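Please look through the structure shown below and read this report beside it.

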Amino acid sequence: MASKKTYIVEHLDPECGQWSTLEYITIANESTDAGAHFCLSSAPADLDLPEILNHTEGFNIDYRSVEDIYRDSRDRVCLLDPAAKEELSPSDADRFDVFVFGGILGMKPTFSYRTSELRKKGFTGRRLGPIQMTTDTAVRVTRLVIQGQTQLSEIPFIDYPEIRLDEHESTEMPFRYVKDAQGKPVLPEVLKLSPTHEPSN
């Protein structure tokens with residue numbers, strides 16, 4: 001429990017889009033506040049990294065693979081995997097120091113294949129429930145369970161929220177989010193500028 005926790009997002013794409021950038025800034029900020037370490041791994045050598053990430057406290061990048069980084073301590077690494085048989089629990093804080101995400105949420109076939117590859121290489125997996133989450137939400141939920149010692153079933157969620165962009169336009173987000181004290185989904189900061197966040201059901 002006393003060991004510093006590390007959250008790793010496998011980034012295989014040669015680009016880092018605006019949405020991923022917002023998520024990484026959010027993860028870096030929240031990890032720093034929680035006394036945890038955040039890092040991208042398996043990044044392509046030619047990754048076009050937005051300049052803002054280079055100036056974000058708590059953001060780190062390692063071009064090596066998870067297999068290479070933790071070659072001698074694989075048993076302390078947890079792969080967040082929707083195909084895992086066991087759900088993540090507070091007791092896993094004693095078993096694991098590192099938690100690996102990225103493409104594990106079924107967003108891209110390439111990343112899903114990568115999760116399957118890590119699974120076959122012997123990394124122990126844990127589930128975060130049946131509904132797809134954004135990467136920053138998955139890291140947030142893992143942190144709540146591992147560092148906050150909260151059971152997964154006790155975390156308040158909101159599924160498929162409708163984000164109102166302006167007076168005339170809104171969009172439904174096809175993911176599960178953590179619900180804040182006001183009943184709103186926890187989102188990257190820039191999205192919180194929207195006037196309202198209304199559940200779609």
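Is Glu87 buried, partly exposed or exposed? Glu87 is partly exposed, with a relative accessible area of 37%, where buried means under 20% relative accessible area, exposed means over 50%, and partly exposed lies in between (1.4 Å probe, protein chains only).

**Basis and confidence**

This is a predicted model, in which local features need pLDDT of at least 70 and side-chain atom pairs count only at pLDDT 80 or more, while totals for chains, interfaces and linings use all residues. Residues are numbered from 1 along each chain as its sequence is written, and side-chain values use heavy atoms, with hydrogens and water left out.

The pLDDT, which is the predictor's confidence in each residue from 0 to 100, has a mean of 87 over the chain, and 88% of the residues reach 70 or more. Helices (H or I, at least four residues) and strands (E, at least two) are DSSP runs, numbered from the N terminus. Among these elements, helix α4 (residues 92-95) has the highest mean pLDDT, 98, whereas strand β10 (residues 196-198) has the lowest, 41. Over residues 104-111 pLDDT stays under 50, and the model has 19 contacts beyond four places in sequence for them, a contact meaning heavy atoms within 4.5 Å. Residues 192-201 also stay under 50 in pLDDT, and for this stretch the model has 26 contacts beyond four places in sequence.

**The sheet**

Five strands form an open sheet with parallel pairing, in the order β2-β1-β4-β3-β5; two strands pair if DSSP finds at least two bridges between them. Because β2 (37-41) and β5 (124-126) each have a single partner strand, they stand at the edges, and one side of each is left without a neighbour in the sheet. On average, neighbouring strands of this sheet are turned by 30 degrees against each other, direction ignored. The axes are lines fitted to C-alpha atoms, for helices over the stretch in contact, and angles run from 0 to 180 degrees between N-to-C directions.

Strands β3 (residues 77-80) and β4 (residues 98-101) run parallel and are joined by three bridges, and Cys78 stands opposite Phe99 in β4. Helix α1 (residues 18-33) packs on the sheet, where it touches β1 (6-10) and β2, and its direction makes about 150 degrees with that of β2. The pairing of β1 with β2 is parallel over five bridges, and the bridge partner of Thr6 in β2 is His37. Although β2 stands at an edge, four of its five residues are buried, so β2 is largely enclosed by the rest of the structure.

**The nonpolar cores**

A nonpolar core is a set of buried Ala, Val, Leu, Ile, Met, Phe, Trp, Tyr and Cys residues joined through side-chain atoms within 4.5 Å. The largest one has 34 residues, and those with the most contacts inside it include Tyr24, Phe38, Phe99 and Phe101. Two or more residues of this core come from each of β1, α1, β2, β3, β4 and α6 (135-146), with α6 giving the largest share, five residues. Beyond its neighbours within four places in sequence, Phe101 is in contact with residues including Tyr7, Val9, Leu80 and Ala138. A second, separate core has ten residues, among them Ile8, Cys39, Val77 and Leu79.

**The charged pairs**

The structure holds 13 salt bridges, a salt bridge being a side-chain nitrogen of Lys or Arg within 4 Å of a carboxyl oxygen of Asp or Glu. Some of them are listed here.

| Pair | Closest N and O atoms |
|---|---|
| Asp97 and Arg76 | 2.9 Å |
| Arg127 and Glu87 | 3.2 Å |

Asp97 lies in the loop between α4 and β4 and Arg76 in the loop between α3 (66-69) and β3, so this pair ties together parts that are 21 residues apart in sequence. Asp97 counts as buried at 17% relative accessibility, whereas Arg76 is partly exposed at 27%.

Asp81, in the loop between β3 and α4, and Arg119, in helix α5 (residues 109-120), are 38 residues apart. Asp81 counts as buried at 2% relative accessibility, while Arg119 is partly exposed, with a relative accessible area of 35%. Not counting residues up to four places away in sequence, Asp81 touches Thr115, Arg119, Gly125, Arg126 and Arg127.

Arg127, in turn, lies in the loop between β5 and α6, and Glu87 in the loop between β3 and α4, so their pair ties together parts that are 40 residues apart in sequence. Finally, a network of salt bridges links Glu30, Asp136, Arg140 and Arg143.
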